[in-house]
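Hi,

Here is the structure I promised to hand over. Please open it next to this note; what I found follows below.

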Amino acid sequence: MFYDDPKKHNLKHNPFKALIAPRPIAWVSSVDLDGVPNLAPFSFFNAISDNPPMIVFAPNGLRPTGHGKDTLRNIQQTNEFVVNLSNWALREAMNASSAEVGPEVDEFALAGVTATPSTHVNVPRVKEAPASLECRFLTRISLPSTSPKTENNIVIGEVVGIHIDDAIIRDGMIDTAAYHPLARHGYMDYSAVDSVFEMLRPDV
Ligand SMILES: Cc1cc2nc3c(=O)[nH]c(=O)nc-3n(C[C@H](O)[C@H](O)[C@H](O)COP(=O)(O)O)c2cc1C
């Protein structure tokens with residue numbers, strides 16, 4: 001099959017996100033100017049460099065006038081955020097934090113996870129997370145949107161500190177089976193990775 005109009009795929013549901021899968025999940029914590037913590041998952045997310053380490057994620061949806069993402073507003077006001085990484089054990093908490101609640105709601109409490117101080121940023125991280133990346137906001141790029149009511153953005157952050165739960169480190173490497181990272185597929189589907197295989201690059 002082939003389609004080029006996103007509304008005319010003729011399938012039961014739009015397949016786009018199911019094709020670009022699995023996607024890692026950035027479980028982003030931020031704070032507003034009053035210090036109210038915020039926590040929300042974003043699966044339009046990835047690492048984009050390692051020298052320095054930088055990440056990108058995409059807070060999309062209604063424009064701020066129609067209540068845009070609290071995460072984006074907070075990051076632009078404070079210039080800091082934390083990307084917590086989630087795993088199988090935290091799947092329900094991660095999902096609970098995606099509830100579209102008002103900016104006054106502390107989503108750490110809503111999700112039942114513990115806010116613990118970060119080292120270089122004034123934003124709490126999720127204590128239970130297998131890893132957390134402390135980030136400084138570098139830039140936001142506003143992208144095209146098909147509706148005047150919604151916006152698409154990417155946020156790029158530089159990682160300035162990394163916390164790793166010692167339980168997922170074995171022989172000096174991240175042990176995927178212990179980490180059990182959670183990933184987003186299409187529809188309402190997820191996966192949790194518990195095995196990997198090794199493949200060396202061609203030796204030219
Ligand atoms: C697994 C998962 C992934 C999500 N990925 C995104 C995403 O990439 N971009 C986005 O704008 N919203 C995404 N959402 C929805 C946001 O988490 C949701 O709109 C949240 O309420 C935003 O919170 P905020 O307003 O506190 O920033 C995702 C939700 C879930 C459950």
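Strand 3 makes the largest contribution to the shell around the ligand, with four residues. This is a predicted model, so please read it as such. Strand 3 spans 37–42, and helix 2 (70–78) also supplies at least two residues of the shell. There are 18 residues around the ligand, and those that come nearest are Ala 40, Phe 44, Asp 70, Thr 71 and Ser 98. By class, seven of the shell residues are nonpolar, seven are polar and four are charged.

Next, the strands. The protein has 15 of them, plus five helices. Strand 10 (residues 131–143) pairs with two partners that I looked at. With strand 7 (residues 80–85), strand 10 forms six bridges in the antiparallel sense. Val 82 has Glu 134 of strand 10 as its bridge partner. The link from strand 10 to strand 11 is a hairpin of six residues.

Last, the overall fold. The radius of gyration is 18 Å; a compact globule of 204 residues would have one near 17 Å, so the two agree. Along the principal axes, the C-alpha atoms fill a box of roughly 50 × 50 × 35 Å. Of the 204 residues, 29% are buried. Take the contacts between residues at least 6 apart in sequence: 60% of them join residues at least 24 apart.

Best wishes

Notes. Residues are numbered from 1 along each chain as its sequence is written. This is a predicted model: local features need pLDDT of at least 70, side-chain atom pairs count only at pLDDT 80 or more; totals for chains, interfaces and linings use all residues. A residue is near a molecule or strand if its C-beta atom, placed from the backbone, lies within 6 Å of it. Ala, Val, Leu, Ile, Met, Phe, Trp, Tyr, Cys and Pro count as nonpolar, Asp, Glu, Lys and Arg as charged, and the others, Gly among them, as polar. Two strands pair if DSSP finds at least two bridges between them. The radius of gyration is taken over C-alpha atoms; the globule rule is 2.2 Å times the number of residues to the power 0.38. A residue is buried if 20 or more other C-beta atoms lie within 10 Å of its own, exposed if 12 or fewer, and partly exposed in between; C-beta atoms are placed from the backbone. Two residues are in contact if their C-beta atoms, placed from the backbone, lie within 7 Å.
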